[in-house]
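Could you walk me through this structure, one selection at a time? I have it open in my viewer and would like to know what to click next.

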Amino acid sequence: MKICTTKDELHRSLSALRKGGKSVGFVPTMGALHEGHASLFKAARRENDIFVASVFVNPIQFNNPDDLKNYPRDFGADTEILEENGCDIVFHPTPEEMYPEGSQPKTYAFGALESVMEGAQRPGHFAGVGVVVGMLFELTEPTRAYFGEKDFQQVAVIRDLVRQMGIDVQIVSCPIKRGEDGLALSSRNALLTPENRAKAPFIYATLSASAEIVKANPQTSCADIKKFVEERIASQAEMKLEYFEIAHPDTLQTAPLDAPAQGNVGFIVVWMGKVRLIDNIRY
């Protein structure tokens with residue numbers, strides 16, 4: 001596995017490997033890798049001739065300086081996981097390499113996709129994601145790029161980014177990887193206290209219970225599901241609900257409260273102490 005820290009080094013290394021029209025699978029990450037990432041790596045390795053990953057904590061997508069400062073980093077452990085999953089090239093640049101002083105990277109706007117949920121709660125987040133992923137796509141020119149559905153809204157934004165860039169890359173969304181207790185795997189889980197980690201699976205248990213209600217009665221309204229989820233989370237002293245929204249899977253716009261929940265997606269954000277956990281479920 002080749003570790004590249006500069007754009008030029010990445011370009012040279014990738015050009016040497018991709019001769020003959022070989023396909024490139026690309027997985028952008030911010031490190032702190034876990035089995036959720038590994039599921040993306042396995043797909044990229046399986047479906048392409050070349051597997052490239054990036055490990056870069058992108059500063060411009062954090063609207064909270066403490067969140068950026070506390071984001072878990074362990075590049076040594078990350079390289080072990082990448083090696084185990086057959087990575088050919090890992091791009092691990094510094095912020096200065098990605099954003100040289102005086103540079104003006106191309107920016108993107110995502111309209112209604114970034115005005116709701118994560119976009120509303122974290123101003124500038126998706127603009128930052130668009131900038132860095134756009135740069136990474138230009139650098140790697142992938143055949144396919146892989147993203148996890150835990151960040152469902154981000155996947156929609158990336159699809160729109162590809163449309164705006166006018167590039168030929170297939171965006172592959174992969175199912176949420178969960179622990180045996182149901183908690184969606186996330187780099188942020190490592191920041192949970194042992195007590196909160198033990199209680200965190202209640203979030204997915206609540207989403208699953210709400211989906212069972214919809215399955216049993218497809219006409220159950222969004223209002224009834226919202227009430228059910230909000231009351232369940234409120235019953236847990238350790239949990240603070242930031243939002244629970246039921247939205248259309250393509251437009252991400254909130255479904256009318258009197259409409260059936262079926263066919264939509266439930267999006268949830270819960271704080272446990274200083275750790276922000278996200279999850280979603282299809283109805």
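A salt bridge is a side-chain nitrogen of Lys or Arg within 4 Å of a carboxyl oxygen of Asp or Glu. Keep that rule in mind as you look around this predicted model, where the count comes to 14 salt bridges.

**Stop 1: a buried pair.** Select glutamate 118 and arginine 122. Their side chains form a salt bridge, with 3.6 Å from N to O. Are these two residues buried or exposed? Both glutamate 118 and arginine 122 are buried.

**Stop 2: a pair across the chain.** Now pick glutamate 149 and arginine 282, whose side chains meet in a salt bridge at 3.9 Å, N to O. This pair links distant parts of the chain, 133 residues apart: glutamate 149 sits in the loop between β5 (144–148) and α8 (152–165), while arginine 282 belongs to strand β9 (residues 275–282). Glutamate 149 counts as buried because its relative accessibility is 18%, and buried means under 20%. Arginine 282 has a relative accessible area of 49%, so it is partly exposed.

Stop 3: Select helix α11 (residues 222–234) and find lysine 227 and glutamate 231, which lie four residues apart, about one turn of the helix. An α-helix has 3.6 residues a turn, so residues three or four places apart point the same way. The side chains of lysine 227 and glutamate 231 make a salt bridge of 2.9 Å, N to O. Lysine 227 is partly exposed, with a relative accessible area of 48%, and glutamate 231 is partly exposed as well, at 46%. Before moving on, highlight Glu118, Arg122, Glu242 and Arg276: salt bridges that share partners join them into one network.

Stop 4: Colour β5 and strand β6 (residues 170–174). They run parallel and are joined by five bridges. Which residue in β6 is the bridge partner of alanine 145? It is isoleucine 171. Follow the chain from β5 through α8 to β6, and you trace a right-handed β-α-β crossover.

Stay with α8 for a moment. Its 14 residues reach 20 Å from the first C-alpha to the last, close to the 20 Å expected at 1.5 Å a residue. The helix is mostly covered, with eleven of the 14 residues buried; among them are Phe152, Val155, Leu161 and Met165. To see what covers the buried residues of α8, show α6 (118–121), α7 (125–140), β5, β6, β8 (265–272) and β9, which are included in that cover. Just after α8 comes glycine 166, which takes a positive phi of about 70°.

**Stop 5: the open sheet.** Finally, select β7, β8 and β9. These three strands form an open sheet in that order, with antiparallel pairing. The edge strands are β7 (239–247) and β9, each pairing on one side only. From one strand to the next, the twist averages 15°. Zoom in on β8 and β9, which pair in the antiparallel sense over eight bridges; there, methionine 272 has valine 275 in β9 as its bridge partner.

Now bring back the helices. Helix α10 (residues 202–216) packs on the sheet and touches β7, β8 and β9, with its direction making about 20° with that of β9.

Note on methods. Residues are numbered from 1 along each chain as its sequence is written. This is a predicted model: local features need pLDDT of at least 70, side-chain atom pairs count only at pLDDT 80 or more; totals for chains, interfaces and linings use all residues. Side-chain values use heavy atoms; hydrogens and water are left out. Buried means under 20% relative accessible area, exposed over 50%, partly exposed in between (1.4 Å probe, protein chains only). Helices (H or I, at least four residues) and strands (E, at least two) are DSSP runs, numbered from the N terminus. Two strands pair if DSSP finds at least two bridges between them. A crossover is right-handed if, with the strands pointing away from the viewer, the path from the first strand over the helix to the second runs clockwise. The expected span of a helix is 1.5 Å times one less than its number of residues. Contact means heavy atoms within 4.5 Å. Axes are lines fitted to C-alpha atoms, for helices over the stretch in contact, and angles run from 0 to 180 degrees between N-to-C directions.
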